[in-house]
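Reader: I would like to learn how to read a few features of a protein model. Where do we begin?

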Amino acid sequence: MERSVDTSRGGQRRPLRSRDGRHMRIGLVSADFYPNVGGVAAHVVELGRALAIAGPDVHVISLPIAEQRQQKTPLHGMTVHRPAIPQVKPLFTWWMHGYLRSLLRTTPLDLLHVHGMRPLEATRNLGVPVIFTNHTSGFLKRVEKGPAEHRRALKRLEHVEHVLAPSGELVEATQTVGYRGPVTFIPNGVDVERFVPGKPAKDFPWSKTNGEVVILLARRLVEKNGVRVFAEAIARLKGRPIRVVFAGDGPERPAVTRILSDADMLERCIFLGNVPNPEMPDIYRSADVSVLPSFMEATSITGLESMACGLPLVGTRVGGIPTLIDQGKTGWLVPPGNAVALAEAIDQPVKNADLRQAAGQAARQRAVENFSWAEIAARTADVYRQRMQKAA
């Protein structure tokens, strides 16, 4: 039976093939990958898995990470290559370039899809089309530095044939530095079969809270994620029937705990530290509302996972977050950095159980219809096909 990829919501399926008629061979290049749990790592794992199911032969070129140090291993239908190369630039770029050139001799790939800026320069002059996903807020910070940084960023993009970006801000930033090739917005995705509503498989300390509403912040505790503003908003909800769960850790934790302690709200908060992604579905199912208080964000994977598990979202109007939230239907949007507005928005689902349930159901439906990894892989595959047709 021929494997194919669904490239339209209407269900029409077109095979993803190379010019000689075989299934396309895709190389996903990323320094950040499994077993890391960050947004880029999760994106590459899930995109690669969905592409492999759809038909292409998928090779991931990454690095030895934690206990994952074998040079060539299978994962979710992909083949993962982890060359042992120096981490310091420019040695990283030289060695990665040499490894890719050698790999292409033994395993011809039809295109390379690079994730993140770090390995981008290593993909020059390899004789295959290069597509780049511009993932992170770090690129936005580069743009803010002005023309000199724009020129440096543009030089790194000169060989890229097509840029993908998971937020409108990153699309604009890519164009701002002077890139004149095609730039396409494709959001992050979510596994809607693994992240589903329901009861958690086990009881958590906050599971039996006498009717309290559980507010979840599943973020790294870093400045760009607006976690201090979130703590200030929670402080303003003193007296409300809430329990707050922090799934994530980082350098902002002392400041967050200080704000909560000063407001006598620390005892209502539970800090889980970093939670492995396989454990997250039950964390979402144990909560009632998920919050994204970010200053910078693409289409948040945490937000998508929350939606798929049936949680309404409260988020800021930055990056890709407005793509997720249908105001008043699947959640609530507020300006970034505004603790008063954030507290008022969180209080909406806290004080109205019917509203909370309806928004959660609508969030789940929106995730399934617009953000499944099958849908995101199909849209990405269309870009691959365009590049291959251009190269033919």
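Author: With helices: here a helix is a DSSP run of H or I with at least four residues, numbered from the N terminus. The model shown is predicted. In it, Trp94 belongs to helix 2, residues 91-106.

Reader: Is Trp94 buried or exposed?

Author: The word exposed is used for over 50% relative accessible area, and buried for under 20%. Trp94 has 56%, so it is exposed.

Reader: In what order do the strands of the open sheet lie?

Author: Two strands count as paired if DSSP finds at least two bridges between them. Eight strands make up this open sheet, in the order 5-6-4-3-7-8-9-10, with mixed pairing. Strand 5 (72-75) and strand 10 (183-185) each have a single partner strand, so they stand at the edges and one side of each lacks a neighbour in the sheet. On average, neighbouring strands of this sheet are turned by 25 degrees against each other, direction ignored.

Reader: How many bridges join strand 5 to strand 6?

Author: Four, and the two strands run antiparallel; strand 6 covers residues 78-81. As one case, Thr73 has Val80 in strand 6 as its bridge partner.

Technical notes. Residues are numbered from 1 along each chain as its sequence is written. This is a predicted model: local features need pLDDT of at least 70, side-chain atom pairs count only at pLDDT 80 or more; totals for chains, interfaces and linings use all residues. Side-chain values use heavy atoms; hydrogens and water are left out. Buried means under 20% relative accessible area, exposed over 50%, partly exposed in between (1.4 Å probe, protein chains only). Axes are lines fitted to C-alpha atoms, for helices over the stretch in contact, and angles run from 0 to 180 degrees between N-to-C directions.
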